[in-house]
Amino acid sequence: MEKSSKFPPGPAAPTPAFATALALDAIDARSLLKGRKEALLLLDGEPYRLRITGNNKLILTK
């Protein structure tokens, strides 16, 4: 009996991070930032800055 998978057959199995992102309804950071390098997010009225670094990493600071 074959093992079923929710992922289509492909060259490589999805990474754990990718599978987790699918399970959590992930939001693409570039879509969230709408072409900008940084955005201001509010949580309970407190500002947080989300930015993409020159090394293509995300940093969230309060």
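In the protein chain, residues 24 or more positions apart account for 5% of the contacts with a separation of 6 or more. The model is predicted. Its chain holds 2 helices and 3 strands. Along the sequence, these follow the pattern α-α-β-β-β.

**The chain as a whole**

- The protein chain has 62 residues, and 10% of them count as buried.

**Strand 1 with strand 2**

- Over how many bridges do strand 1 and strand 2 pair? The count is 6 bridges, in the antiparallel sense.
- The hairpin of strand 1 and strand 2 has 2 residues between the strands.
- Look for Asp-44 in the loop between strand 1 and strand 2. Its phi is positive, about 55°, although Asp-44 is not a glycine.
- Is Asp-44 buried or exposed? Asp-44 has a relative accessible area of 77%, so it is exposed. The cut-off for exposed is over 50%.

**Strand 2 with strand 3**

- Strand 2 covers residues 46-52. It pairs with strand 3 over 4 bridges, again in the antiparallel sense.
- Two residue pairs can be traced across these strands. Leu-50 has Leu-60 in strand 3 as its bridge partner. Ile-52 has Leu-58 in strand 3 as its bridge partner.
- The hairpin of strand 2 and strand 3 has 5 residues between the strands.
- Asn-56 sits in the loop between strand 2 and strand 3. Its phi is near 65°, a positive value in a residue other than glycine.
- Thr-53 also lies in the loop between strand 2 and strand 3. With a relative accessible area of 16%, Thr-53 is buried, because buried means under 20%.
- What lies 3.2 Å from a polar atom of the Thr-53 side chain? It is the backbone nitrogen of Asn-55.

**Salt bridges**

- Side chains of opposite charge can pair when their charged atoms come close.
- The count in this model comes to 2 salt bridges.
- Glu-38 forms a salt bridge with Arg-49. The closest N and O atoms of this pair are 2.4 Å apart.
- Glu-38 is in strand 1 and Arg-49 is in strand 2. The two residues are 11 residues apart, so this pair links distant parts of the chain.
- Glu-38 has 36% relative accessibility and counts as partly exposed. Arg-49 is partly exposed too, with a relative accessible area of 40%.
- The side chains of Glu-46 and Lys-62 also meet in a salt bridge. The distance from N to O is 3.9 Å, and the cut-off is within 4 Å.
- Where do Glu-46 and Lys-62 lie? Glu-46 lies in strand 2, and Lys-62 lies in the segment after strand 3. The pair therefore ties together parts that are 16 residues apart in sequence.
- Glu-46 counts as partly exposed, at 38% relative accessibility. Lys-62 counts as exposed, at 67% relative accessibility.

**To recap**

- Strand 2 pairs with strand 1 over 6 bridges and with strand 3 over 4 bridges.
- Each hairpin has a residue with a positive phi: Asp-44 in the hairpin of strand 1 and strand 2, and Asn-56 in the hairpin of strand 2 and strand 3.

Key: Residues are numbered from 1 along each chain as its sequence is written. This is a predicted model: local features need pLDDT of at least 70, side-chain atom pairs count only at pLDDT 80 or more; totals for chains, interfaces and linings use all residues. Side-chain values use heavy atoms; hydrogens and water are left out. Two strands pair if DSSP finds at least two bridges between them. Buried means under 20% relative accessible area, exposed over 50%, partly exposed in between (1.4 Å probe, protein chains only). Contact means heavy atoms within 4.5 Å. A polar contact is a pair of N or O atoms within 3.5 Å; within protein, one must be able to donate a hydrogen and the other to accept it, and residues adjacent in sequence count only if both atoms are side-chain atoms.
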